[in-house]
Amino acid sequence: AQAARIALVETSPSMEAQQRARLAGVGATWHADLRALPAGPAIIIANEFLDALPIRQFIRRAEGWMERFVADGTFVEQPADTALPDAPDDTIIERGDAAREVVATLAARRATTLVLDYGPTESGFGDSLQAVRAHARAEPLAAPGTADLTAHVDFGAIAAIARAGGARVHGAIPQGLFLQRLGLMTRAAMLAQSAPRQAGLILSGAQRLTAPEGMGRLFKAMCLCDPAMPTPIGFDA
């Protein structure tokens, strides 16, 4: 704790106020965005972070590509100002420009970044925008501010952005494979043995994180790092 420099990026004034109250006296600093963080080595854990960033959504109509916006609590469409590939009518393309900007910033800094999130390995088509309220699916535009809004991470796109920024990219690989290589199941078995009353919860949790029918396949792991770094554990075959 004496050697650490705590730097927070927070866009919510109310959340920043709570953080300042809790971290009073520890010398933390707050910054408007990632580019304002102090220079030096950094390790970033992006666990279900990129999926929560805003996306742009485009839908192909007979007259061409349209971009979806929100007005008066409903979706509206305007002609797109972005070049997009040809596709059949009603095809939807999503672009995570905010996620791409974050990844470009981290790649330029050569920050070692572990991304754990859900989405396809390669870019594609489809509507992945969803809302979750009280652990259940909800309508994205219903009761704004009361649900978590997420969309699938385009791992193909962020990998390309990272490489263009000079970073080495490992993955994306299925989260289940990554955690098994790290020894999750062995560790879970050891914990279950030492805590018999919680054994069922520990083992079921590990199974949920790694099983293909759970989070093991949909969720991916990717590491961005300096090209001089060796392959991180978990990404070596």
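I will start with one residue. Glu67 is buried, at a relative accessible area of 6%. Keep in mind that this is a predicted model.

Glu67 has a salt-bridge partner, Arg56, and their closest N and O atoms are 2.8 Å apart. Arg56 sits in strand E4, residues 56–61, and Glu67 in strand E5, residues 64–71, so this pair ties together parts that are 11 residues apart in sequence.

Next, Arg95 and Asp97. Their side chains form a salt bridge at 3.2 Å, N to O. Asp97 is partly exposed at 26% relative accessibility, and Arg95 is partly exposed at 22%.

A further pair is Asp226 and Arg110, at 3.9 Å between the closest N and O atoms. This one links distant parts of the chain: Asp226 is in the segment after E13, Arg110 in the loop between helix H2 and E8, and they are 116 residues apart. As for networks, shared partners join Arg56, Glu67, Asp81, Arg95 and Asp97 into one. The structure has 11 salt bridges.

Now the sheet. Four strands make an open sheet with mixed pairing, in the order E3-E8-E13-E12. Strands E3 and E12 are at the edges with a single partner strand each, so one side of each has no neighbour in the sheet. From one strand to the next, the twist averages 10 degrees.

Inside that order, E8 and E13 pair in the antiparallel sense over 6 bridges. Asp117 stands opposite Lys220 in E13. Helix H3, residues 155–164, packs on the sheet and touches E8, E12 and E13. The direction of H3 makes about 5 degrees with that of E13.

How values were computed
Residues numbered from 1 in each chain as written. Predicted model: local features only at pLDDT ≥ 70, side-chain atom pairs only at ≥ 80, totals over all residues. Heavy atoms only, no water. Pairing = 2+ DSSP bridges. Helix = DSSP H or I, 4+ residues; strand = E, 2+ residues; numbered from the N terminus. Axes fitted to C-alpha atoms, helices over the stretch in contact; angles between N-to-C directions. Contact = heavy atoms within 4.5 Å. Salt bridge = Lys/Arg side-chain N within 4 Å of Asp/Glu carboxyl O. Buried < 20%, exposed > 50% of the residue type's maximum accessible area, 1.4 Å probe, protein only.
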